[in-house]
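Please walk me through this protein structure, which I have not seen before. I would like an explanation that takes the parts in turn and shows how they relate.

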Amino acid sequence: MTRRRKVLIAVIAVLVLLVGAVVAAGAYFRPLLLTGTGYAAHNACALHFLVGREDHESDLPPNPLVPYLRTAIDDEAGTATASLLGVGFRQTAHVSEHGCALGGRAAGAESGEPPPPLLEDGGPGVRLAEATDVPDEVSAALAETAAHEGTRGLVVVHRGEIIDEWYADGFGPDTRQLGWSMAKSVASTLVGRAQLEFPGADLDPATTALRPEWTAERARISLDHLLRMTSGLEWDEEYDLGTPVTRMLYLEPDMADYAASQPPAHAPGEYRQYSSGTTNILCDLLHERTGMGPEMAEELLFRPLGMRSAVLEADASGGSVCSSYLWASPRDWARFGQFVMDDGEVDGQRLLPEGWMDYATAGVAAGGEPEPYGAQWWLNQAGDGGPLRFDRMPADAYWASGHDGQYVVVVPSADLVVVRTGFTPGSSLDEVGVDRLVGEVARAVG
């Protein structure tokens with residue numbers, strides 16, 4: 001064999017090994033790469049069609065994959081497609097009146113047209129008057145919180161009046177913003193609404209045998225367990241390679257079915273595991289027992305409250321993504337906060353069962369995650385006289401919390417609602433100054 005032939009064979013062997021290594025690496029990292037392209041496609045679709053923003057990259061979390069993502073919008077088709085370097089791991093999100101869904105338009109969608117900028121006015125709703133006199137202490141506290149990196153909107157409501165608000169450049173009181181897991185608290189409220197509107201739907205928190213395929217241990221899971229994140233189903237909420245939450249959000253056309261397929265890891269009621277999958281199971285149950293499709297949140301909650309900007313997106317199966325994908329303006333988030341503080345009454349009309357929020361904000365002891373938690377609401381104190389989670393805020397404060405720094409904080413003792421929206425990845429409530437803002441405003445108006 002000639003030397004030239006040997007070199008050629010060696011080169012071919014190296015190329016084969018390289019190709020094999022690339023294929024193997026692609027297969028291994030496929031879930032992570034599809035998470036990246038799925039995230040980018042959904043993000044671009046929602047920002048373009050629901051908000052009218054074109055700076056899609058500014059809402060992508062810090063990740064070494066981001067510089068290699070390529071995103072394209074097709075207005076005629078109503079799609080956003082993201083891929084790796086324009087060629088690999090392609091994912092497409094499709095818009096409809098129910099928001100953006102990966103893999104195809106939401107089942108039950110009537111068209112490829114996006115939802116309107118604002119819903120038609122369905123009635124009086126929660127009207128937030130604008131106060132004429134703003135205490136200096138409130139303005140100073142708001143300005144300090146606004147200075148935190150990534151803050152996009154702040155609204156402070158006292159006794160049903162907006163006493164101060166602030167918006168970053170490019171954002172305003174009517175700009176839809178993604179609440180991420182603040183949607184979970186809305187899901188809890190939808191359970192109360194459905195309980196009142198559908199008295200025969202068997203939505204008592206003690207109800208068990210929730211899904212026909214749930215037998216043995218899973219048959220003991222109650223609605224209360226779902227609401228309190230104590231179902232015992234196996235789950236991992238870390239946004240990492242191949243975890244259940246990333247697979248659910250970016251690879252599964254029916255998110256609730258996937259979440260419901262998880263095996264039991266603990267006995268129901270004994271262990272708290274924060275789980276976006278649990279909330280999607282919850283809303284799937286509401287769809288099934290009310291007979292309503294992806295319009296459920298709009299009809300039961302958004303229209304009666306006057307939340308005209310709100311859009312709860314659905315997945316490709318038509319199931320509401322109650323864990324993560326609710327868009328609303330800061331003022332509409334404030335309307336929601338005022339509604340729950342009023343225990344579900346609007347203009348003298350009761351829209352939640354009496355005492356529902358007492359139930360939703362009551363902590364129940366369980367193993368696992370130690371932070372005080374109610375029924376899809378975070379609590380500053382568990383109700384047992386234990387320590388406060390954030391000592392700058394009143395003990396009775398409770399809040400909806402979302403990824404990247406979204407908060408709706410409700411303080412009944414101060415008749416106060418504080419909303420913070422923004423893009424501050426990896427932050428916590430105190431790191432973006434919300435605890436300080438709530439505490440200082442509560443003292444100023446008390």
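Predicted model: local features only at pLDDT ≥ 70, side-chain atom pairs only at ≥ 80, totals over all residues.

## A walk through the model

Asp415 sits in the loop that joins β17 (406-411) to β18 (416-422). Although Asp415 is not a glycine, its phi is positive, at about 50°. Another residue of this kind is Ala209, which is likewise not a glycine and has a positive phi near 50°; Ala209 is found in the loop between α3 (182-197) and α4 (223-227).

From single residues we can turn to the overall division of the chain. The domain assignment of the protein chain gives domain 1, covering 3-102, and domain 2, which is made up of 133-203 together with 294-445. Taken over C-alpha atoms, the centres of domain 1 and domain 2 are separated by 34 Å. Where the two domains meet, 17 residues of domain 1 and 19 residues of domain 2 take part in the contact.

How much area do domain 1 and domain 2 bury between them? The size of an interface is often expressed as the accessible area that is lost when the parts come together. For domain 1 and domain 2 this area is about 1,300 Å², and 61% of it lies on carbon and sulfur atoms. On the side of domain 1, His42, Leu50 and His98 supply 39% of the area buried against domain 2, which is more than any other three residues supply.

Across it, five residue pairs of domain 1 and domain 2 are in polar contact, with both residues of each pair at pLDDT 80 or more. The elements that give two or more residues to the side of domain 1 touching domain 2 are α1 (3-51) and β4 (99-102), and of the elements on that side α1 gives the most, with six residues.

Side chains of opposite charge can pair when their charged atoms come close. Between domain 1 and domain 2 the count is one salt bridge. A salt bridge also joins the side chains of Arg152 and Asp59, at 2.8 Å from N to O. In the structure as a whole there are 22 salt bridges, and one of them pairs Glu144 with Arg436, whose closest N and O atoms are 3.0 Å apart. This pair links distant parts of the chain, since Glu144 belongs to helix α2 (residues 136-146) and Arg436 to helix α11 (residues 434-445), 292 residues apart.

Covalent links complete the picture. The structure holds two disulfides, including the one formed by Cys45 and Cys100, whose sulfur atoms are 2.1 Å apart. Why is the disulfide of Cys45 and Cys100 described as left-handed? The torsion about its S-S bond is about -80°, and the disulfide is therefore left-handed.

Definitions and conventions. Residues numbered from 1 in each chain as written. Heavy atoms only, no water. Domains from an automatic or database assignment. Contact = heavy atoms within 4.5 Å. Buried area = accessible area lost by both parts, 1.4 Å probe. Salt bridge = Lys/Arg side-chain N within 4 Å of Asp/Glu carboxyl O. Polar contact = N/O pair within 3.5 Å; in protein donor to acceptor, adjacent residues only side chain to side chain. Helix = DSSP H or I, 4+ residues; strand = E, 2+ residues; numbered from the N terminus. Disulfide = S-S within 2.5 Å.
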